Amino acid sequence: MDRDNTPLADNDCYLALKARDARFDGSFFTGVTSTGIYCRPVCSVKTPKRENCRFFHHAAQAENAGFRPCLRCRPELAPHSVVWSIQDASYILAHQAARLLDEPEVWAGEAPSVEKLAARLGVSDRHVRRIFEAQFGVSPMQYLQTHRLHTAKQLLADTNLPITQIALISGFASVRRFNAAFVEHYKLNPTQLRRQGPARSGDVGEGATIRLGYRPPYDVQAMLAFFSKRCISAIEFIDTEAALPCLGRTLGIESGGKLYTGWLLASFEEDRSRLVLRVSDSLREVLPLVIRRARTTFDLDADPTAINSVLHAAFPEGDGLRVPGALDGYELAVRAVLGQQITVAAARTLAQRMVDRFGEPIETPWPKLTRLFPAPTVLAAASGDALGQLGIVKQRQAAIVGIAQAVADKRLQLHSGADVSATLATLKELPGIGDWTAQYIAMRALRWPDAFPAGDVALHKALGVQGQKNPAREAELASAAWKPWRSYAVIRAWSGTLERPG
């Protein structure tokens, strides 16, 4: 079903609003005609009267109808609406366009436009406008404007960044345009909104604190256990015994030809269905990128209702499982190569040696975080002897150097806005990269929900096809019923939640 073209069931939305049901957070927004405000379903204010409510699929639609975002529930914190289809071409194209607009790394410092968006999609700008408005009810630029305003509003509320800096890193060409957009949409200037918003925690030097919502159920322990099993000392740590389970790590982000390095700490507030992200001051100028990467790393925008409607029968114990992503797609690709045909523990050992040998030192407030993952330029220049001394065989040496060179030369983009088919093709052209590695990278770095590493031995065992003549083909056949959510099926199969017939 095409969710965006399907009229909302207003009475059902109102029941979810009355119950403050977090499962529907970000799936719709409520415009209250008596106040001119729009809210998330989880808003804690007194439930408005039914006759005063209008319901919208997207925040951009609510703003286009003249509603302003609530300062209490803060719509910009809601998980994004990620809907997938494998049938309707116009639907797929419109949602790919939205993904490109949502992904700041796609544009690499250039200003997005309908013309540039159309060029990336390989269609005319008129066609992009037509299918986008048909699917979302707003133009691409209206959608982008809402995205920018939400980013700016979050930074105004959660950080002490200067307003001028917030305007620029949120994508506005000038402070004047930023102020004008705020007044037009929110009837407040940025300074007034900051004054009326919640108190901000963290002064300069202590890092910025950002809050990001997600839809339950979410198996936090399973997510952290996945990362813990692959944890590399000096660049990351996981603490499941803390009052709030958390993950800390170092990070490098290149933007506008400049490399920004720092750290982040991600803590789960499970009772409030949100992730609290603390980010070092050194990464403040790229906060929108950090936020986007955090959302994809922890799969915060997944819609469990849609996914479980397809997978629950086969994986009844896996409803809360998400697909772990990666804060750095390049790093994930290198680690995927290291993991070829060996155990997770052995791959972690090789990755640890690589970080110890090639990782750049960094100072952080956390004694466990002392290095960065080796930069693409470093591994691209690494000699075979140096990599061989770490225990990495020649075939994987070539693959690692090939990935690093392709990323350093900008020939390979490994983030959630990258074109999946083109990226898979580019990966497979590199030495030592086969279908398993490419699919694994697509699943975790590109955030493709339908990736399926059919040749995975652990997957064969989970599906009970390891004894077949062609287990990869049997696994592929078994997975047909799980489209378009096969990445989630893989994670559930690996976790042992598959229920076999009989």
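The sulfur of Cys73 lies 3.8 Å from the closest cysteine sulfur, that of Cys43, which is too far for a bond; a disulfide here is a pair of cysteine sulfur atoms within 2.5 Å. Please keep in mind that this is a predicted model, where local features need pLDDT of at least 70, side-chain atom pairs count only at pLDDT 80 or more, and totals for chains, interfaces and linings use all residues. Residues are numbered from 1 along each chain as its sequence is written, and side-chain values use heavy atoms, with hydrogens and water left out.

**Cysteines**
- The structure holds zero disulfides, and Cys43 is in none, with the sulfur of Cys73 as its nearest cysteine sulfur.
- Cys43 counts as buried because its relative accessibility is 4%, and Cys73 counts as buried at 6%.
- Buried stands for under 20% relative accessible area, exposed for over 50%, and partly exposed for values in between (1.4 Å probe, protein chains only).

**The four-stranded sheet and Val32**
- Four strands form an open sheet with mixed pairing, in the order β3-β1-β2-β4.
- β3 (53-56) and β4 (68-69) are the edge strands, each pairing on one side only.
- Strands are DSSP runs of E with at least two residues, helices are runs of H or I with at least four, and both are numbered from the N terminus; two strands pair if DSSP finds at least two bridges between them.
- Strand β1 (residues 29-32) runs antiparallel to strand β2 (residues 37-39), joined by three bridges, and Gly31 has Tyr38 in β2 as its bridge partner.
- Helix α1 (residues 10-19) lies across β1 and β3, at about 100° to β3; axes are lines fitted to C-alpha atoms, for helices over the stretch in contact, and angles run from 0 to 180 degrees between N-to-C directions.
- Val32 belongs to β1 and is buried, as its relative accessibility is 7%.
- Setting aside neighbours within four places in sequence, Val32 is in contact with Ile37, Pro48, Asn52 and Phe67, where contact means heavy atoms within 4.5 Å.

**Strand β5**
- Strand β5 (residues 208-213) has five of its six residues buried, so it is largely enclosed by the rest of the structure.
- Six bridges tie β5 to the antiparallel strand β9 (residues 274-279), with Thr209 opposite Arg278.

**Helix α14 and the cores**
- Helix α14 (residues 344-358) has 15 residues and reaches 21 Å from its first C-alpha to its last, close to the expected 21 Å; the expected span is 1.5 Å times one less than the number of residues.
- Its buried residues are Ala347, Leu350, Ala351, Gln352, Met354, Val355 and Phe358, and their cover includes α13 (329-338) and α17 (394-408).
- The largest nonpolar core has 68 residues, of which Val334, Met354, Leu379 and Ile403 touch the most other members.
- A second, separate core of 46 residues includes Tyr218, Ile238, Val286 and Leu300.
- A nonpolar core is a set of buried Ala, Val, Leu, Ile, Met, Phe, Trp, Tyr and Cys residues joined through side-chain atoms within 4.5 Å.

**Backbone details to look at**
- A cis peptide bond with omega of about 0° joins Pro216 and Pro217, and Pro217 lies in the loop between β5 and α10 (220-229).
- The peptide bond from Lys483 to Pro484 is cis, with omega near 0°.
- Gln341 is not a glycine, yet has a positive phi of about 60°; this residue sits in the loop between α13 and α14 and counts as exposed at 78% relative accessibility.
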